[in-house]
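Please read them alongside the model.

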Amino acid sequence: MQLTHPITATLISLIIVSSANLLVATAIAAAQPVNISGLWVLDETASDDPEPQLKDIGKRKGKKPKQSESEHRQGDKDVGDDTFRRYWAHVADDKEWRSVANAGRKGSIKSLVFNKRLAIAATENGFKVWYQDGFVRDINPNPYGRVFSASGDELVANDLGRTLSYVKKGKIISETRIEPRGEILETFLLSDDRQTLTVTIKVDRPDWNKIVELKKVYHRTIDAPSAKNEQAIPDVVDRT
């Protein structure tokens, strides 16, 4: 249908242009990166204590299987051998669950759950994060959400595994596939006054008997450090 009235055509053109400009402005605003750079110290009172969460994390659920009738009827000559076997089975089982339980108290997972100081510097693709115990990682959130860009910069490999980061509703969200298996979900939320950084951590490992969820609240101590001066940052984190 052809529009013959010049005023009607002009109004429709203005509406289309205004709508397009609004969509572009909305997309740009939504894509603005969340800047979490800075030096941060943990507020222990406002944060969750990881120790109760990690208590008995490696113990299996359920009861041990009952001894069979045939095992009860073994002769005297087999009693010593059976006791020997059961002893070492108990030792192996104990070592296994202790090893699983210790996974939350060592390595890169420990860096997340027990950390008390953070240094975060803006980089070309996102942020570099230094933890108090020396663990360093990159977080490159895609400002457009949980999508993969052509460069793939938002997918980063580190000691935890492979991490995908993106921005959603003003939060930075990081999803990490743990090596060899499991998942860590983190959110980074900056307060309106930019003085508080709330980090939530959810660790889901198939060899743990429960999912560990923690909230860590950090307060800003110094403005953003420079990623160009990487060697000096660990010392600053220790002294903060």
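1. Strand β8 (residues 183-190) and strand β9 (residues 196-204) run antiparallel and are joined by 8 bridges. Strands are DSSP runs of E with at least two residues, numbered from the N terminus, and two of them pair if DSSP finds at least two bridges between them. Across this pair, E186 of β8 stands opposite I201 in β9.

2. This is a predicted model: local features need pLDDT of at least 70 and side-chain atom pairs pLDDT 80 or more, while totals for chains, interfaces and linings use all residues. Residues are numbered from 1 along each chain as its sequence is written, and side-chain values use heavy atoms, without hydrogens and water.

3. The pair belongs to an open, antiparallel sheet of 10 strands in the order β4-β3-β2-β1-β10-β9-β8-β7-β6-β5. Its edge strands, β4 (136-139) and β5 (155-157), each pair on one side only. Neighbouring strands are turned by 25° against each other on average, direction ignored (axes are lines fitted to C-alpha atoms; angles run from 0 to 180 degrees between N-to-C directions).

4. How many cavities of 30 Å³ or more are there? The count is 1. A cavity is a set of points on a 1 Å grid over the protein atoms alone where a 1.4 Å probe fits but cannot get out. The largest cavity has a volume of about 50 Å³, volume being the space filled by probe spheres set on the points, which are joined across faces, edges and corners.

5. Lining residues (an atom within 4 Å of a point) include E186 and I201, along with F188, V199, K216 and Y218. β8, β9 and β10 (212-222) each supply at least two of the lining residues. By class, the lining has 7 nonpolar, no polar and 2 charged residues (nonpolar: Ala, Val, Leu, Ile, Met, Phe, Trp, Tyr, Cys and Pro; charged: Asp, Glu, Lys and Arg; polar: the others, Gly among them).

Notes. Helices (H or I, at least four residues) and strands (E, at least two) are DSSP runs, numbered from the N terminus. On a 1 Å grid over the protein atoms alone, a cavity is a set of points where a 1.4 Å probe fits but cannot get out, and a pocket is an open set with protein on both sides within 12 Å along at least five of seven lines; lining residues have an atom within 4 Å of a point.
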